[in-house]
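Okay, thanks for coming, everyone. Let me put the structure up and walk you through it.

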Amino acid sequence: MPDRTFQRWIKQDVNALDGRTRSLLWRYAVGGYAMGAVGTGDLDGDGLPDVVAPFMDGFVYALHGRNGSLLWRAALEEGGGAAVRRRLRT
């Protein structure tokens, strides 16, 4: 179970660290730039926090907190980059 999670913009991945040792618990490569912040919560009912992370490839990824495996991914309504580009123009 991760103590700390974060996204990396250039590396296009989500990482989970052990809060005491700072060692990498798992990494999930996405293929799109990070967008927004990582969220946590028990999504699969196993009592452990899972990770949700939006990326500019147009999807939100839900990852199992224990091992970083993909629980599901969902398309963003307008695609990740489209919504960000529109906001930057206004």
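Start with the side chain of D13, which makes a polar contact with the side chain of R27 at 3.3 Å. By polar contact I mean a pair of N or O atoms within 3.5 Å; within protein, one has to be able to donate a hydrogen and the other to accept it, and residues adjacent in sequence count only if both atoms are side-chain atoms. The D13 side chain also has a polar contact with the side chain of N15, at 3.0 Å.

Before I go on, this is a predicted model, where local features need pLDDT of at least 70 and side-chain atom pairs count only at pLDDT 80 or more, while totals for chains, interfaces and linings use all residues. Residues are numbered from 1 along each chain as its sequence is written, and side-chain values use heavy atoms, with hydrogens and water left out.

Back to D13: is it buried or exposed? D13 counts as buried, because its relative accessibility is 3%. The cut-offs are under 20% relative accessible area for buried, over 50% for exposed and partly exposed in between, with a 1.4 Å probe and protein chains only. Not counting residues up to four places away in sequence, D13 touches F6, Q7, R8, R27, Y28, A29, V30 and F55; contact here means heavy atoms within 4.5 Å.

So where does D13 sit? D13 is in strand β2, and R8 is its bridge partner. Strands are DSSP runs of E, at least two residues, and helices are runs of H or I, at least four, numbered from the N terminus. β2 covers residues 13-17 and runs antiparallel to β1, with five bridges joining them. Two strands pair if DSSP finds at least two bridges between them.

Zooming out a bit, β1, β2 and β3 form an open sheet in that order, with antiparallel pairing. β1 (4-8) and β3 (24-29) are at the edges, each with a single partner strand, so one side of each has no neighbour in the sheet. From one strand to the next, the twist averages 15°; for angles like that, axes are lines fitted to C-alpha atoms, for helices over the stretch in contact, and the angles run from 0 to 180 degrees between N-to-C directions.

Now the loops. Q12 lies in the loop between β1 and β2, and its phi is near 55°, a positive value in a residue other than glycine. In the loop between β2 and β3 we find R22, which isn't a glycine either and has a positive phi of about 65°. R22 counts as exposed, because its relative accessibility is 70%.

What about the core? The largest nonpolar core has 10 residues: V14, A16, W26, V30, A34, V51, A53, F55, Y61 and L63. A nonpolar core is a set of buried Ala, Val, Leu, Ile, Met, Phe, Trp, Tyr and Cys residues joined through side-chain atoms within 4.5 Å. The elements giving two or more residues to this core are β2, β5 (50-55) and β6 (59-63), and the largest share, three residues, comes from β5. Take V14: leaving aside neighbours within four places in sequence, V14 is in contact with F6, Q7, W26, R27, Y28, V51, A53, F55 and L63.

Last, the whole protein. There are one helix and seven strands, in the pattern β-β-β-β-β-β-β-α along the sequence. Buried residues make up 33% of the 90 residues.
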